[in-house]
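Work through the exercises below with the sequence and the 3D structure at hand. Try each task before reading its solution.

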Amino acid sequence: MKKFIALLLVLNLSACAELQQVVSQLPQGTGAISQLDIGNGLREALDLGIDKQVSKLTSTDGFFKNDLVKILLPAELQKVDKALRDIGLSSLADEGLKVLNRAAEDAVGEATPIFVDAVKDITFNDAKNILLGDKDAATQYLNGKTQTALYAKFNPVIKNSFAKVGADQIWSNLINKYNTIPFTSDVNPDLTDYVTTEALKGVYKMIAVEELEIREKASSRTTALLQKVFALQD
């Protein structure tokens, strides 16, 4: 059994090394596929993910009715949700959840320009590492390049969104109701920070969904360039 596992490991490393060699020896601007093609192909794949998936999150219910990214209560407030439902206040609990997701939907509209700038900055080495990397390597690249900027953009939008839809009042009402229940401890989390962080997770998760589609399904490579570039990793 150990010999078999060792053989699989050797074969896997050999395959990776072979692909690395193929990519590193690509011609600079001529031939079937060039370094420029690879860079442009990865940019095209990321643009596609941003266009198809991130844009969905900006629509009404983009978060709230998407089970992959729906924002639920933070752990310390889940007891609030349960307690309210137990005493017949399910509609208030539902409204509290909805406004969290509405705030995220408002904020995601700020993401696209930041992503576009990050995609433009991809170098050939970045593209090569993405192509040869994990199934979500492109998403990881965007995460590293954009997370700080996106947080700074999302946070004030979410804070304003809470005020715009009366979320601060809804949550104040909800938490005050909970705090009147006997034998409970007062709860006062920073919901703006929590929703900002959860919104970011949702954005990257949906880009990863599209990246995986392109990597694993040839039918999702909708242009000749995508087909040519991702054939290298098949």
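**Exercise 1: The core**

The largest nonpolar core has 68 residues, and those with the most contacts inside it are F115, L142, F154, W171 and V195. Task: find which helix gives the largest share of this core, and list what V195 is in contact with.

Solution. 

Step 1. Know the model. This is a predicted model, where local features need pLDDT of at least 70, side-chain atom pairs count only at pLDDT 80 or more, and totals for chains, interfaces and linings use all residues. Residues are numbered from 1 along each chain as its sequence is written, and side-chain values use heavy atoms, with hydrogens and water left out.

Step 2. A nonpolar core is a set of buried Ala, Val, Leu, Ile, Met, Phe, Trp, Tyr and Cys residues joined through side-chain atoms within 4.5 Å. Buried means under 20% relative accessible area, exposed over 50%, and partly exposed in between (1.4 Å probe, protein chains only).

Step 3. Find the share. Helix α9 (residues 191-216) supplies ten residues, the largest share of this core.

Step 4. Look around V195. Contact means heavy atoms within 4.5 Å. Leave aside neighbours within four places in sequence; V195 is then in contact with I71, L100, A103, A104, I158 and F162.

**Exercise 2: The whole chain**

Solution. 

Step 1. Count the elements. Helices (H or I, at least four residues) and strands (E, at least two) are DSSP runs, numbered from the N terminus.

Step 2. Check sequence distance. Take the contacts between residues at least 6 apart in sequence: 80% of them join residues at least 24 apart.

**Exercise 3: Two packed helices**

Task: decide whether α2 and α5 are roughly parallel or roughly antiparallel to each other.

Solution. 

Step 1. Two packed helices are described by the angle between their axes and the distance between the axes. Axes are lines fitted to C-alpha atoms, for helices over the stretch in contact, and angles run from 0 to 180 degrees between N-to-C directions.

Step 2. Read the values. Helix α2 (residues 35-57) packs with helix α5 (residues 111-120) at about 170 degrees, and their axes are 10 Å apart.

Step 3. Classify. Angles under 35 degrees count as roughly parallel, over 145 as roughly antiparallel, 65 to 115 as roughly perpendicular and the rest as oblique. Therefore α2 and α5 are roughly antiparallel.

Step 4. Name the contact residues. On α2 they are R43, L46, D47, I50 and V54; on α5 they are A111, T112, F115, V119 and K120.

**Exercise 4: Salt bridges**

Task: say how many salt bridges the structure holds, then describe the pairs of K52 and R85.

Solution. 

Step 1. Recall the idea. Side chains of opposite charge can pair when their charged atoms come close. A salt bridge is a side-chain nitrogen of Lys or Arg within 4 Å of a carboxyl oxygen of Asp or Glu. The structure holds eleven of them.

Step 2. Take K52. K52 forms a salt bridge with E210, with the closest N and O atoms 3.5 Å apart. K52 lies in helix α2 and E210 in helix α9, so the pair ties together parts that are 158 residues apart in sequence. K52 is partly exposed at 40% relative accessibility, while E210 is buried at 3%. Not counting residues up to four places away in sequence, E210 touches L48, G49, K52 and Q53.

Step 3. Take R85. R85 pairs with D81, the closest N and O atoms being 2.7 Å apart. The two are four residues apart in helix α3, which means about one helical turn separates them. R85 also meets D94 in a salt bridge (2.7 Å, N to O). R85 is partly exposed at 27%, D81 is buried at 16%, and D94 is partly exposed at 37%.

Step 4. Find the network. Salt bridges link D61, K65, R102 and E105. D61 lies in the loop between α2 and α3 (75-86). Its phi is near 75 degrees, a positive value in a residue other than glycine.
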